[in-house]
Amino acid sequence: MIPIARPQMGDEEKELVWEVLSSGSLAQGAKVRALEERFAAFIGVPHAVATSSGTTALHLALLASGIGPGDEVLTVSFTFIASASTILFSGARPVFVDVEEPTFTMDPGLLEAAITERTRAILPVSLYGQPADMQAIGAIADRHGLALIEDAAQSHGAEVGGRRSGTWGAGCFSFYPTKNMTSAEGGMVTTADPELAEQARLLREHGMRVRYQHDLLGYNFRMTDVHAAIGLAQLAKLPANNARRMEIARRYDAELRGVITPTVRPGAVHVYHQYTIRVVRRDEFAERLRERDVGTGIYYPIPAHRQEALRGLGYEGLHLPVTELLTEQVVSIPVHPSLSDDEVATVIEAVNAVADELGPIEAAVPA
Ligand SMILES: *Cc1c(COP(=O)(O)O)cnc(C)c1O
């Protein structure tokens with residue numbers, strides 16, 4: 001089976017982790033600071049605050065932006081649950097807008113109609129490795145004085161308009177094992193705003209500037225030096241790994257037939273956290289790929305507003321036509337950098353064969 005993800009751990013990771021284990025300083029320390037500095041430089045922002053996960057990065061960015069009870073945050077439902085659950089953890093209410101069909105990301109054209117006097121922030125998701133339309137969304141956030149928090153958990157190194165994901169407002173990254181880089185578990189908040197960064201650092205560690213002096217009630221959202229050591233080795237490999245993902249995606253774009261392949265926004269650099277196609281009879285399509293030894297992933301089969309966890313919160317009557325359509329059509333195929341050229345050829349053959357068996361999908365979006 002060609003798996004949908006295959007995290008690669010080399011000697012660099014082992015040596016750096018061993019260095020931390022031998023040093024005896026395991027918790028947040030020099031390696032976390034080094035990862036923050038190098039990640040900030042890579043993204044192109046002055047500040048980066050490491051966290052225990054992508055979920056705590058989002059939670060921290062919301063709290064550090066002053067989001068709380070009574071507030072509304074505009075986000076999407078076509079995402080991993082953490083984009084919405086962290087808004088609820090902050091005490092605010094997620095207000096879901098639909099996504100654009102070609103790019104799977106927040107439709108900026110729907111935002112102004114969704115803004116109320118309670119709206120405090122916009123939280124777009126840069127899904128599958130492509131930035132949301134951050135320029136358009138950022139302009140709307142500026143015009144209405146709203147905070148901008150980008151869920152960049154899947155877009156390490158992605159760009160739009162010459163700027164990287166994570167350079168608008170607060171960027172929230174995940175270093176979960178399947179992401180474009182990993183620290184096993186971990187995350188990062190990136191920002192150009194020194195006050196936001198300072199507030200995030202305080203809230204990350206019990207509201208503490210001076211030891212055992214607590215200026216506000218904070219959390220323990222820290223990363224450990226053990227995880228940062230893995231992250232440092234992985235960050236060094238990220239550009240080459242992203243380039244390999246893009247190279248595989250170019251082959252898929254050129255050679256897949258009978259399926260809808262991903263659309264790259266003009267001026268964007270897509271780093272293909274996932275290569276997600278749209279197909280007819282999706283579940284059967286995925287099953288037939290598995291029979292041909294090609295692993296698949298469905299991201300995501302149930303939109304956030306339809307999740308059991310959000311039942312009773314008033315989303316029962318909400319209808320998001322594009323989101324609901326996409327959840328029935330999407331399937332992701334392996335695009336990770338450790339795929340051999342032979343494995344890529346196997347994936348292409350399998351997808352084209354299954355598309356022949358099940359029939360082509362009508363392109364829903366006019367070219
Ligand atoms: C992975 C992911 C998260 C959460 O990150 P964790 O590190 O797993 O907590 C949040 N949002 C999106 C879109 C993700 O893909």
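This is a predicted model: local features need pLDDT of at least 70, side-chain atom pairs count only at pLDDT 80 or more; totals for chains, interfaces and linings use all residues.
Two packed helices are described by the angle between their axes and the distance between the axes. Helix α3, residues 54-64, packs against helix α7, residues 194-204, at an angle of about 120 degrees. The axes of these two helices are 9 Å apart. α3 and α7 are therefore oblique to each other. In passing α7, helix α3 makes a right-handed crossing. On the α3 side, the contact is formed by Leu60, Leu63 and Ala64; on the α7 side, the contributors are Leu196, Gln199, Ala200, Leu203 and Arg204. Sorted by class, the residues in the contact of α3 with α7 comprise 6 nonpolar, 1 polar and 1 charged.

The description now turns to strands. Strands of a sheet pair through backbone hydrogen bonds, either parallel or antiparallel. The model contains an open sheet of 3 strands in the order β7-β6-β12, and the pairing is antiparallel.

At the level of the whole chain, the domain assignment of the protein gives domain 1 as residues 11-231 and domain 2 as residues 239-358. A distance of 24 Å separates the C-alpha centres of domain 1 and domain 2. The two domains also touch: 39 residues of domain 1 are in contact with 35 residues of domain 2.

Finally, two details of the backbone deserve attention. Most residues other than glycine have a negative phi, and most peptide bonds are trans. Phe104 is not a glycine, yet Phe104 has a positive phi of about 70 degrees. Phe104 belongs to the loop between β3 (93-97) and α5 (111-114). The second detail concerns the peptide bond from Tyr299 to Tyr300, which is cis, with omega near 5 degrees. Tyr300 is located in the loop between α9 (282-291) and α10 (321-329).

Key:
Residues are numbered from 1 along each chain as its sequence is written. Side-chain values use heavy atoms; hydrogens and water are left out. Axes are lines fitted to C-alpha atoms, for helices over the stretch in contact, and angles run from 0 to 180 degrees between N-to-C directions. Helices (H or I, at least four residues) and strands (E, at least two) are DSSP runs, numbered from the N terminus. Angles under 35 degrees count as roughly parallel, over 145 as roughly antiparallel, 65 to 115 as roughly perpendicular and the rest as oblique. A crossing is left-handed if the near helix is turned anticlockwise from the far one by less than a right angle, and right-handed if clockwise. Contact means heavy atoms within 4.5 Å. Ala, Val, Leu, Ile, Met, Phe, Trp, Tyr, Cys and Pro count as nonpolar, Asp, Glu, Lys and Arg as charged, and the others, Gly among them, as polar. Two strands pair if DSSP finds at least two bridges between them. Domain bounds come from an automatic or database domain assignment.
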